[in-house]
Amino acid sequence: MSRVVSVTGEFAHDVRIGAGIALRLGDRLREHRIATGTRVLLVVDSNVVPHAERMRALLTAEGHHVHRCDVVASEDRKTMPAVEAIWAAALASGLTRHDLMIAIGGGLVGDIAGFAAASYLRGVSIVQVPTTLLAMVDASTGGKTGINLRLPDGSLGKNLAGAFWPPLEVIADPTLLSTLPDRELRSGLAECVKHAIIDGEEHFQFLERSIDAILALDPATLDDLLHRSVTVKAAIVSKDPRERGVRATLNLGHTFGHALETAESLDLTHGEAVAIGLVAACVASGDEGLTARVRALLGRIGLPVGLLGAGTAAVSVTEVLRRMGWDKKMDRGTLRFVVPRAIGTVEPGVVLPDATVQAALRAIGCG
């Protein structure tokens, strides 16, 4: 059995959620009228090759011509050379416009593969098979793809090149999380907390009472978690596919978080950086009760709520502000933030006073 959440509108696609559905990939391709004998390029996170090989064997047995391109999942390699390697593998495999890519891995690999699919031969179809919690609940849904670019000072700018390219389908199989390292599982929950803050009190309370079951990979709770988070994102993306309005609410915590994530002196996963960014956004809201509640939930998950909690040396307020200046959400020289006003009430496009931003950065441990 599986549950389906649909993204409607310009970038319509389904997210199918269910235990074991990754091993029924052939059924899903038939549903999309992918003919037997199609050339398929698996773009694979090098950490999950065993998962990919099982899928490769199944698709080969069904008559598809399957090839594989492995990608190292690290932010410093989420750049054009990785895209070019996928293009080269597609050419070597003989992929045409009528063929298919399948991304198997975390959000980083899904982003790179999606960008490669959007641009190869001006666009080939792609199926997303996320293998991390973060990718299942957030990155794989909505059709945004992207790679990092080098800034003038040589550091990385997060997702500064990309394209909107919706997948044929997202296949979210929670059994794939059984091999996910504990740090990555906890990191993925940062996006779930973000969705709950956006969605409302009932969703937030579900997380507060379910953390232990989620971390224990309880199947029913995981299924509920995925369904709730994907439903939030799908509803927003359906209303605003190109991020010209309400979709910006999904950037909650990310303006602060991206600046921290790309700081080379910090060793933060995307989810850890977003967790700290959520705290900063709450501090900027001025609501101490909201901030305390979000801090408490993130702490129970085991996510950092500040740089000292992440075991890192502080970066300066000036350095983080400089990195924010390269953020995609900069609008004609003005940086706009997503600010939570209460659980279930989030305001995008807020121009915060410099003093408020600096105070929020100091509150999370910036020097």
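Reader: Where is T291 found, and is T291 buried or exposed?

Author: T291 is found in helix 11 (residues 288-301); helices are DSSP runs of H or I with at least four residues, numbered from the N terminus. This is a predicted model, in which local features need pLDDT of at least 70 and side-chain atom pairs count only at pLDDT 80 or more, while totals for chains, interfaces and linings use all residues. Residues are numbered from 1 along each chain as its sequence is written, and side-chain values use heavy atoms, with hydrogens and water left out. Buried means under 20% relative accessible area, exposed over 50% and partly exposed in between (1.4 Å probe, protein chains only). With a relative accessible area of 9%, T291 is therefore buried.

Reader: Which residues is T291 in contact with, leaving aside its neighbours within four places in sequence?

Author: Contact means heavy atoms within 4.5 Å. On that basis, T291 is in contact with C282 and V283. A polar atom of the T291 side chain lies 3.2 Å from the backbone oxygen of C282.

Reader: How is a nonpolar core read, and which members of the largest one touch the most others?

Author: In soluble globular proteins, nonpolar side chains tend to be buried together. A nonpolar core is a set of buried Ala, Val, Leu, Ile, Met, Phe, Trp, Tyr and Cys residues joined through side-chain atoms within 4.5 Å. Here the largest has 95 residues, of which I102, V129 and L260 touch the most other members. Its largest share, 10 residues, comes from helix 10 (residues 270-285). Another core, of 23 residues, lies apart from it and includes I86, V109, Y120 and I147.

Reader: What is the case of M55 in helix 2?

Author: M55 belongs to helix 2 (residues 49-61) and is buried, its relative accessible area being 1%. Beyond its neighbours within four places in sequence, M55 is in contact with A22, L25, I104, V129 and L176. M55 and L25 are 30 residues apart along the chain, yet their C-alpha atoms are separated by 7.2 Å.

Reader: How are helix 12 and helix 13 oriented to each other?

Author: Axes are lines fitted to C-alpha atoms, for helices over the stretch in contact, and angles run from 0 to 180 degrees between N-to-C directions. The axes of helix 12 (residues 317-324) and helix 13 (residues 354-363) come within 10 Å and cross at roughly 120°. Angles under 35 degrees count as roughly parallel, over 145 as roughly antiparallel, 65 to 115 as roughly perpendicular and the rest as oblique; helix 12 and helix 13 are therefore oblique to each other. V317, V320, L321 and M324 in helix 12 meet V357, Q358, L361 and R362 in helix 13.

Conventions:
Helix = DSSP H or I, 4+ residues; strand = E, 2+ residues; numbered from the N terminus. Polar contact = N/O pair within 3.5 Å; in protein donor to acceptor, adjacent residues only side chain to side chain.
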